[in-house]
Amino acid sequence: MKTLSIIGCGNAGRTLARLWRDAAVFGIGGILNSTMQSSRQAVAFVGSGEPVETADALPSSDLFLIGCPDDRIRTCCDRLVASGKLDGNSIVFHLSGALSSQELASAREAGAAIASIHPVKSFADPARAVDDFSDTWCGCEGDAQALAMLEPAFAAIDARLFSIDADNKRLYHAASVIACNYLVALQEVSLRTFEEAGVERKLAVQILGPILHGTVRNILDLDTVAALTGPIARGDAVTVEGQLQALADWNPEFAQLYRQLGRIAADLSEKQGNAPQAALRRIRQLLKAS
């Protein structure tokens, strides 16, 4: 069995290591985090591995996962190279969606094959992520030798793999951030607006549940044009004007967000073809940046 050591074993690293251990894909070697306490906690979650304090203390391994934050990937890779653990059979990879495998260039210069594998998934809770990882899409790029080892390893834990262009990773990752992280931020805007309207936050969360689930299903099943509903979809300029004014009186930043998203909704409404053109022109006028 090939062995895997991890530098920066956060939520994503813990999830993958646990899955690989459970599926007998990799033996887990060393785990190096910023503190020994964190390393021990990661080992406890994974159920295998050895907590270490420095890159020099990592055991010899076939693969090395660098799972630290993006701004530390290159530094952690350089420390791994300096430890002398790499040779022509080594594979080094990271999980960043925004940065390419070229962040690991020093490992390649040391003879290792390098790659980047980005799971398009939220890892807020590693235990939950382990349970529902199956069918997670993972964007892959890097050296053929590294991908030849990593793609079957991810497939063994039921990941779904696709190739990405290393030169466009920032746009690729921005798309993921908008879909996931900004969806969370948008719900926060909704919840604050509910509260301002006098609806208790806990109740607002319950109210949002069915409509959020239904909307996501419609987007996935029907695409965005058919999924659009509401005042802009039906060309209700009076409602749009009233909502925009209420938001502007209370929170101008939220009103500006309403305008920006509303302009995209107006484009979808036009493609949908149900709203009268005159009403859409009026709505676009209302939504112009102030």
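I began with a term: a residue is buried when its relative accessible area is under 20%, exposed when it is over 50%, and partly exposed in between, with a 1.4 Å probe and protein chains only. I noted that the model is predicted, that local features need pLDDT of at least 70 and side-chain atom pairs pLDDT 80 or more, and that totals for chains, interfaces and linings use all residues. I also noted that residues are numbered from 1 along each chain as its sequence is written, and that side-chain values use heavy atoms, without hydrogens and water.

**Entry 1: the whole protein**

I looked up the secondary structure and found 14 helices and eight strands. Both are DSSP runs numbered from the N terminus: helices are H or I with at least four residues, strands E with at least two. Along the principal axes, the C-alpha atoms fill a box of roughly 70 × 40 × 30 Å. Of the 290 residues, 43% are buried.

**Entry 2: Ser116**

I located Ser116 in strand β6, residues 113-119. Ser116 counts as buried because its relative accessibility is 0%. Its side chain makes a polar contact of 2.6 Å with the side chain of Lys169. A polar contact is a pair of N or O atoms within 3.5 Å; within protein, one must be able to donate a hydrogen and the other to accept it, and residues adjacent in sequence count only if both atoms are side-chain atoms. Leaving out residues up to four places away in sequence, I listed what Ser116 touches, including His94, Ser96, Cys140, Glu141 and Lys169. Contact here means heavy atoms within 4.5 Å.

**Entry 3: the core**

I then turned to the largest nonpolar core, which has 35 residues. Such a core is a set of buried Ala, Val, Leu, Ile, Met, Phe, Trp, Tyr and Cys residues joined through side-chain atoms within 4.5 Å. Phe93 and Ile117 are among the residues with the most contacts inside this core. Helix α6 (residues 144-155) gives the most to the core, with five residues. Among the residues that Phe93 touches are Leu4, Trp20, Ala115, Ile117 and Phe154.

**Entry 4: the surface**

I found that Leu183, Leu186, Leu261 and Ile264 form a nonpolar surface patch. Helices α8 (181-196) and α13 (252-272) are the elements giving two or more residues to the patch. Leu183 lies in helix α8. With a relative accessible area of 37%, Leu183 is partly exposed. For patches, residues need over 30% relative accessible area and no salt bridge; like charges are joined within 9 Å, and nonpolar side chains (Val, Leu, Ile, Met, Phe, Trp, Tyr) within 5 Å. A salt bridge is a side-chain nitrogen of Lys or Arg within 4 Å of a carboxyl oxygen of Asp or Glu.

Methods. Accessible areas come from the Shrake-Rupley method with a 1.4 Å probe; for residues, only the protein chains shown count as cover.
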